[in-house]
Amino acid sequence: MGKKIVVALGGNAILTDDASATAQQKALLETAEYLAEFIIQGNQLIVSHGNGPQVGNLLLQMAGGSTDKNPAMPLDTDVAMTQGSIGYWLQNALGRVLREKGIDRDVATVVTQVLVDANDQAFSNPSKPVGPFYDEAGMKKAKAANSDFTFVEDAGRGYRRVVPSPRPVGVQEYRTINTMVANDIVPISVGGGGVPVVKDGNQLVGREAVIDKDFASEKLAELVHADQLIILTAVDNIYVNFNKPDQKKLEHVTVAELKRYMDENQFAKGSMLPKVQAAIEFVEKSGGTAVVTSLQNVANYLNDGSGTIITK
């Protein structure tokens, strides 16, 4: 019996140096070859993905063409738009690969709303850079046009808007996703961390925020009772003392060991740290297994278990 697996794709699985639709579709066709291996081995697959570069490019395009009669869309809508575009490319590519391998399986994208707490402290402490860089004059002009925007200086490269990045507390469509899996449909969901929404009576109201896709993938994996959460990134393993002469790759590691490494500040914020935190959260809450490895190492992981495997 196969496993129910949530696979979270990193940005390198989608976007190369060429941001054109054609180039991203080509990259996703290669990605689909790796993902198909999970299905070939009899697993139930749920795919999630990032959208950082894509939503940033969309914000640039909107900023360049916004007028009073044709205004730029709010950030929650931009996330939904990139969920749709990346989902379309990926379901098209994975469907094609599966048909070429003689597998009759539908793939479908769910534009996913992810619930966040309206009182999350992240809303009063925006930290996630999005959109274009501005010089000081451009920043002041953008600020004057959008008084509620927050800008910070970003590593000497100019000013960027920062938005809240709240933790997900639920996934509105998780039952739909489970129904799809039960009917042999491969869902693509919580793209870009999902559209951030808060409850207001009977309404779900979008918020100007960006949810970390690893945390959103963990929450989805937890809700659908997945056996595994697999986070695909740029390296085959998690390392400690990374890029130092005594660096060490982690292969089989427990939650307690990872927490000790976190206390030593072994993992970079905004890079490996959220992946480690999401993996720990999934293992602790579900009792399942989390894996961190690269897209290119998928076949090796499936065949001999290589990668970083996190257990309770």
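This is a predicted model: local features need pLDDT of at least 70, side-chain atom pairs count only at pLDDT 80 or more; totals for chains, interfaces and linings use all residues.
Local features were taken at pLDDT of at least 70 and side-chain atom pairs only at pLDDT 80 or more, whereas totals for chains, interfaces and linings use all residues. Residues are numbered from 1 along each chain as its sequence is written, and side-chain values use heavy atoms, with hydrogens and water left out.

The sheet is open and consists of 4 strands in the order β8-β4-β10-β11, with mixed pairing. Strands here are DSSP runs (E, at least two residues) numbered from the N terminus, and two of them pair if DSSP finds at least two bridges between them. β8 (168–171) and β11 (203–206) are the edge strands; each has a single partner, so one side of each lacks a neighbour in the sheet. From one strand to the next the twist averages 45°, an angle between N-to-C directions of lines fitted to C-alpha atoms, on a scale from 0 to 180 degrees. Strand β10 (residues 195–200) pairs with β11 in the antiparallel sense over 4 bridges. Within this pairing, Val-197 stands opposite Gly-206 in β11.

Asn-237 is located in the loop between β12 (228–233) and β13 (238–240). With a relative accessibility of 5%, Asn-237 counts as buried (under 20% relative accessible area, 1.4 Å probe, protein chains only). Leaving aside residues up to four places away in sequence, Asn-237 touches Lys-249, Leu-250, Glu-251, Val-292, Gly-307 and Thr-308, where contact means heavy atoms within 4.5 Å. A polar atom of the Asn-237 side chain lies 3.0 Å from the backbone oxygen of Leu-250. The side chains of Asn-237 and Thr-308 make a polar contact at 3.5 Å (a pair of N or O atoms within 3.5 Å, one able to donate a hydrogen and the other to accept it; residues adjacent in sequence count only if both atoms are side-chain atoms).

Terms used: Buried means under 20% relative accessible area, exposed over 50%, partly exposed in between (1.4 Å probe, protein chains only).
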